[in-house]
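Subject: Handover of a structure and notes on its interior

Dear colleague,

Please find below the structure that I am handing over to you. I would be grateful if you could read the notes after it with the coordinates open.

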Amino acid sequence: MDSPSDADQDGAKKRIEGSTGVMEESEAQKRRFPRPSDDVVRKASHWLEHVEHQEGIEHVEVVDVEKLTYDDFFLNYMVKNVPVVIRGVTENWKCRQEWVDANGQPNLPFLREKFGNGQAFVHRKDTQTGQDQVEWCRFDAFLDHWEIDEKDPWYWKDWHFVAEFSEYGAYQCPVYFQDDWLNHYYDVTRRHSTARSERMETSDYRFVYMGKKGTKTNLHTDVAKSYSWSANVCGQKKWLLLPPPYAGFLRDRYGQGTASTFDEDPTLFPNIESAWNKALQVYQEAGDIIFVPSGWYHSVENTKDTISINHNWFNAVNLHWIASHVNLEETQAERAIEDCRELTSPEEFQQLVQQNVYANIGINKPMLAHLVELAVHVQSSCSMGREYSATETEELTAWHRFIHAALQKANGVPGCFAPSVM
């Protein structure tokens, strides 16, 4: 992804900020984040302060959507950083009705007719070397290969479908995942930017994936330690997830590399069997959504021909994960170009550092500061325009206190997190 230019960010910020220095009400009302109840906020504040990880998790829970309130999800999964599969969310989605044929398979004629000119990355094996190859590809070319080649399946990944076909309305983001500061930032800055990318790589973190049985993604954590959610439009996926306390088991004997599968050579990865013993396995069926928390290594295999919708996202709850990761990347970037320090001014050196951080993880410290500022303004602005009862005022205050505590926990993030923003 290309980093938004400083001029784009400054221009967007000036348009977003009114004379009072905050997002104008008309702009803020275009996005409202869900808010948990007062009682849940108080319980969550305790977890935020005292608990980093849940240990001893033996399985991934599967919960019916009718039995899962936003409060339940917020406290038991989001705040506690625990995965869950939610069943029955997607039944009325347009994509589930139109992208899937009567046999539960991808509706290739419909997809080709409606979206054949779409573009994204395709992952495939080089026929001579066996190495993974990544190429920019049209969707109709991908479908051509899907229909004629059974032995060399390609995997269609990271398709910015919402940005490319914004009028189609394929699905509705479930309420559990709507407190999404990351995609809100991209929506606002893209709406106000005068620059337009010729490709969709810079648009958001909302993706469509499509792969035949056997296609897979190796062990990884999500971008910048964000949350993710993934919905199966059709097909089935097998997930293997490793809780964050055991991530060290994936390191090689030299402490430099990380295992890409649980089948690595134990002489090079001496703790890989221990990692496997701590991993959680769950199958995601058609219509299921899985929530993947911050810092969980996971691998994913399509066990049937599958189309899925995937979002990366974060908010106040896991912001400290993002800030810590950005700070770590910044330190590593500084070390990598230390020999350039004497050849540049301090400002130029820091600009190089931030460019490298963005190139590595898709976000850097200035972008994170701007992103958080926009989100906090929305949280504040949503209380404008009407009077609240005494109970509602207390609840609003408790929520704002929670956000402020979460921002304070995000050590090293620039000073736009001062209490005055609330």
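This is a predicted model: local features need pLDDT of at least 70, side-chain atom pairs count only at pLDDT 80 or more; totals for chains, interfaces and linings use all residues.

The protein chain contains 14 helices and 13 strands. Of its 422 residues, 52% count as buried. Among contacts with a separation of 6 or more, 78% are made by residues 24 or more positions apart.

Strand 12 pairs with strand 9 (residues 237-242) in the antiparallel sense, through six bridges. Within that pairing, Leu240 stands opposite Ser299 of strand 12. Strand 7 (residues 216-220) also runs antiparallel to strand 12, and three bridges join the two. Here His220 has His298 of strand 12 as its bridge partner.

I turn next to the nonpolar cores. The largest comprises 97 residues, of which Phe73, Phe74, Trp99, Phe115, Phe142, Trp181 and Met210 touch the most other members. Helix 13 (residues 365-381) supplies the largest share of this core, with eight residues. Another core lies apart from it and has 13 residues, among them Leu242, Ala275, Ala279 and Tyr297.

Which residues is Phe73 in contact with, leaving aside its neighbours within four places in sequence? They are Leu68, Met78, Val84, Ile86, Tyr176, Phe177, Phe291 and Trp313.

Finally, the cavities. There are four cavities of 30 Å³ or more. The second largest cavity holds about 60 Å³ of space. Its lining is formed by Leu182, Tyr205, Val223, Ala224, Ser226, Phe314, Ile322, Ile361, Gly362, Ile363 and Met367. By residue class, nine of these lining residues are nonpolar and two are polar, while none is charged.

The lining of the second largest cavity, which includes Ile361, Gly362 and Ile363, could follow.

With kind regards

Conventions:
Residues are numbered from 1 along each chain as its sequence is written. Side-chain values use heavy atoms; hydrogens and water are left out. On a 1 Å grid over the protein atoms alone, a cavity is a set of points where a 1.4 Å probe fits but cannot get out, and a pocket is an open set with protein on both sides within 12 Å along at least five of seven lines; lining residues have an atom within 4 Å of a point. Grid points are joined across faces, edges and corners, and a volume is the space filled by probe spheres set on the points. Ala, Val, Leu, Ile, Met, Phe, Trp, Tyr, Cys and Pro count as nonpolar, Asp, Glu, Lys and Arg as charged, and the others, Gly among them, as polar. Two strands pair if DSSP finds at least two bridges between them. Helices (H or I, at least four residues) and strands (E, at least two) are DSSP runs, numbered from the N terminus. A nonpolar core is a set of buried Ala, Val, Leu, Ile, Met, Phe, Trp, Tyr and Cys residues joined through side-chain atoms within 4.5 Å. Buried means under 20% relative accessible area, exposed over 50%, partly exposed in between (1.4 Å probe, protein chains only). Contact means heavy atoms within 4.5 Å.
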